[in-house]
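User: Please walk me through how to read the features of this structure one at a time. I would like the general idea, then the case at hand.

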Amino acid sequence: MSDASSTTKPFNVAIVGGGITGLTLAITLLQRNVPFTVYESAAKFGEIGAGVGFGPNAVKTMGLVSTEMRDAYRRCRTTQWESKQTVWFTARVGDQLKAGDDGTFAYGGRPGFKVGDELFEVHYPNLDEMGGVGGVHRAHFLDQLVKLVPESVARFGKRLVNLTKATDSEDVVLHFADGTTAQHAAVLGCDGIKSQTRKLLLGSDKYNAVFSGKCAYRGLIPMTKAVELLGEEKANNSQIYFGYHGHILTFPIEKGRTMNVVAFASRESWTTPEWVVRMSKEELMADFQTWGPPASAIVSAMEKLDVWALFDHPPAPTFYGTQPRICLVGDAAHAMTPHQGSGAGMGIEDSFILGSLIGEANSVEDLDKAFKAYDEVRRPRTQKVVATSREAGRLWDFELEGYGDDIDALKRNMETRMHWIWTADVGAELERAKAILRQST
């Protein structure tokens, strides 16, 4: 970890949660001499899950946070072949049900396509001067971010249970499960989809995460085995396989040593209290029994047999409160399904804008105005991503009204549906938030 920088702001904030969002916010605050403490419930910093992708918007925002964060990402990312650098995903059909009796289907007015054939590519529109985008291993990326934060700011084993207003000031008192307390000017909730800060701020179960109708089998396949099954091109570049009530994503991570796999399936409901459960190989194969090669080969090769229920958040009426001062960031504010690959990126955007606004504050009272500006700018964008991500899951699974299994219509949608996310000018969004902040003073 780096040495702590000097602190100059007349207030101290608490970051609850030390995942990618929490550490990005910490790095942003360090750049602006805002004193803070990170409270993490686990015994050390860590991320669950394996591969995560970042769009151009997220990668550009990392550079706005700091050159060190951008460089940390570049050290971890795995890019595709040179000829595929601008490709988000190559689209294919994986489900044999799409094919007729002769094993083929028509696309683009042409017959003779087989399951597994390349149909089209979806390209990023704006990769200039970025040096490419690519997936990372969550834990490896987090390890790089940890090095950018002073050891002295972290407190581990601190599971938040309550927040109260201090009796001697406007501060917030944090109450932890181990019986200890801490006092800060404000609490920044980066504690994920099951956020305790969200529950304490919104005070109603109707804003708790809800089941999205999808679950995901996540796994890793050694690249040597993936190449053996799929060939060099499919294994080393990002692929999406469409099907009925399911789809499969693959992309390379760990500098090409591993192929990350996420196989999605539809579910009417999720009744078990745990969101991650162990499944048998037979249950996994049953979800993809109608799928043909190469998708069936991918599923067969998956060794880790956990299935993740996918939840997302209903739209919150606010991301902040002032009595006591709380502000929600990342998944705590707007947990989303992964069908547009934007959850982690939204957390990075949030952290840059909120951290920058806090850096503009010169008093505790200014924090209320910073939170208001953040909420006004970030809530509409992020809640739209939540809604469109859920819709995308149904689109990829041939379930969306008006599209079904019409590949030509799906292609037209997919070619442009991500542009409003990828091409957003986050720097301009910050300037708009700063203007709102100035109007409040």
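User: Is W291 buried or exposed, and why?

Analyst: Buried means under 20% relative accessible area, exposed over 50%, and partly exposed in between, with a 1.4 Å probe and protein chains only. W291 counts as buried because its relative accessibility is 6%. This is a predicted model, in which local features need pLDDT of at least 70 and side-chain atom pairs count only at pLDDT 80 or more, while totals for chains, interfaces and linings use all residues. Residues are numbered from 1 along each chain as its sequence is written, and side-chain values use heavy atoms, with hydrogens and water left out.

User: Where is the place of W291, and which residues does W291 touch?

Analyst: Helices (H or I, at least four residues) and strands (E, at least two) are DSSP runs, numbered from the N terminus. W291 sits in the loop between α8 (281–287) and α9 (295–301). Contact means heavy atoms within 4.5 Å. Leaving out residues up to four places away in sequence, W291 touches G94, D95, Q96, Y241, F242, G243, G246, H247, I248 and S296.

User: Which peptide bond is cis at P294, and which at P324?

Analyst: Omega is the angle to read here. A cis peptide bond joins P293 and P294, with omega about 5°, and P294 lies in the loop between α8 and α9. Another cis peptide bond joins Q323 and P324, where omega is about 0°. P324 belongs to the loop between β20 (320–322) and β21 (325–328).

User: What is the phi of K255, and what is the phi of F398?

Analyst: K255 is not a glycine, yet it has a positive phi of about 55°. Its place is in the loop between β16 (246–253) and β17 (258–266), and K255 is partly exposed, with a relative accessible area of 47%. F398 also has a positive phi, near 60°, in a residue other than glycine. F398 is found in the loop between α12 and α13 (407–416) and counts as buried at 7% relative accessibility.

User: How many residues does the largest nonpolar core have?

Analyst: A nonpolar core is a set of buried Ala, Val, Leu, Ile, Met, Phe, Trp, Tyr and Cys residues joined through side-chain atoms within 4.5 Å. The largest one has 114 residues, and F54, F120, F141, L188 and F242 have the most contacts inside it. Helix α12 (residues 364–396) gives the most to this core, with 12 residues. Apart from it lies another core, of 31 residues, among them M259, V261, V277 and A309.

User: Why is helix α2 largely enclosed by the rest of the structure?

Analyst: Count the buried residues. In helix α2 (residues 56–65), 7 of the 10 residues are buried, so the helix is largely enclosed by the rest of the structure. They are P56, N57, A58, V59, T61, M62 and V65. In helix α4 (residues 138–146), the buried residues are F141, L142, Q144, L145 and V146. Those of α4 pack against α1 (20–31), α2, α3 (67–76) and β8 (136–137).

User: What does the protein chain look like overall: how many helices and strands?

Analyst: The chain has 15 helices and 21 strands. The radius of gyration is taken over C-alpha atoms, and the globule rule is 2.2 Å times the number of residues to the power 0.38. The chain's radius of gyration is 22 Å, close to the 22 Å that the rule gives for 441 residues, so it is as compact as a globular protein of that length. Buried residues make up 58% of the 441 residues. Among contacts between residues at least 6 apart in sequence, 76% join residues at least 24 apart.
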